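Here are my comments on the model you sent. They are set out as numbered points, starting with the chain as a whole and ending with individual side chains.

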Amino acid sequence: MSRADRFYLFVTVFLLVAAIAGGIMLAVQHSRNQPVEIVLSQTEPPQQSGEVYIGGAVANPGIYGLVEGDTLQTLFFDAGIEPDADLSHIEIYIPREGEAELPQKIDINRAEPWLLEALPGIGEVLAQGIVDYRSEKGPFKRIEDLLKVSGIGEATFEKIKDYITVSD
């Protein structure tokens with residue numbers, strides 16, 4: 001038997017032993033794993049039972065779906081309570097059946113330009129002008145102060161006055 005033949009025989013035996021050892025290790029490892037049982041629940045998700053408007057000192061003012069079992073804490077978490085929020089004074093208003101809904105108001109002291117653009121007659125330029133004005137001059141004290149923003153006149157103000165508010 002030549003030297004090359006012995007080398008190929010050695011490599012072949014080594015590979016055969018490695019393959020057998022690897023197979024045994026996989027078999028042992030696989031036998032240790034227990035099967036996982038997955039059980040799907042037959043319960044239905046909670047039904048939405050109403051809506052709640054959350055505004056004021058929150059990062060995401062708006063209307064939130066009220067689901068059975070929700071707490072005020074859950075709703076506040078969803079809305080993102082701001083650090084300066086006064087939680088000792090919370091207003092809750094429950095309308096009577098058939099009572100007209102009040103329009104959701106946009107806080108011109110907190111709203112981002114994209115939200116201000118939702119107001120009638122306010123485009124991208126005026127929205128940025130409102131944000132720039134309050135950055136330079138400070139927060140608006142009353143909604144009429146919006147007339148001080150360049151480009152906003154009486155006609156535009158009349159269109160939006162019922163849809164805006166100012167926070168402290």
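**Notes on the predicted model**

1. The chain exposes about 13400 Å², and carbon and sulfur atoms supply 57% of that area. This is a predicted model. Of the 168 residues in the chain, 20% are buried.

2. Five helices and four strands are present in the chain. Read along the sequence, they follow the pattern α-β-β-α-β-α-α-α-β.

3. Among contacts in the chain with a separation of 6 or more, 39% are between residues 24 or more positions apart.

4. Which strand holds Ile 164? Ile 164 is found in strand E4, which covers residues 164–165. Ile 164 has a relative accessible area of 2%; the cut-off for buried is under 20%, so Ile 164 is buried.

5. Leaving aside residues up to four places away in sequence, Ile 164 touches Lys 105, Ile 106, Ile 108, Leu 119, Ile 143, Leu 146 and Phe 157. The C-alpha atoms of Ile 164 and Asn 109 are separated by 9.8 Å, and these two residues are 55 residues apart along the chain.

6. The structure holds one aromatic pair. It is formed by Tyr 133 and Phe 140, whose ring centres are 5.5 Å apart. Why is the pair stacked? The ring planes of Tyr 133 and Phe 140 lie at 15°, and planes under 30 degrees apart count as stacked.

7. As for the burial of these two aromatic residues, Tyr 133 is buried, with a relative accessible area of 17%. Phe 140 is also buried, with a relative accessible area of 3%.

Methods. Residues are numbered from 1 along each chain as its sequence is written. This is a predicted model: local features need pLDDT of at least 70, side-chain atom pairs count only at pLDDT 80 or more; totals for chains, interfaces and linings use all residues. Side-chain values use heavy atoms; hydrogens and water are left out. Helices (H or I, at least four residues) and strands (E, at least two) are DSSP runs, numbered from the N terminus. Buried means under 20% relative accessible area, exposed over 50%, partly exposed in between (1.4 Å probe, protein chains only). Contact means heavy atoms within 4.5 Å. Accessible areas come from the Shrake-Rupley method with a 1.4 Å probe; for residues, only the protein chains shown count as cover. Rings of Phe, Tyr and Trp (its six-membered ring) pair if their centres lie within 6.5 Å; planes under 30 degrees apart count as stacked, over 60 as edge-to-face and the rest as tilted.
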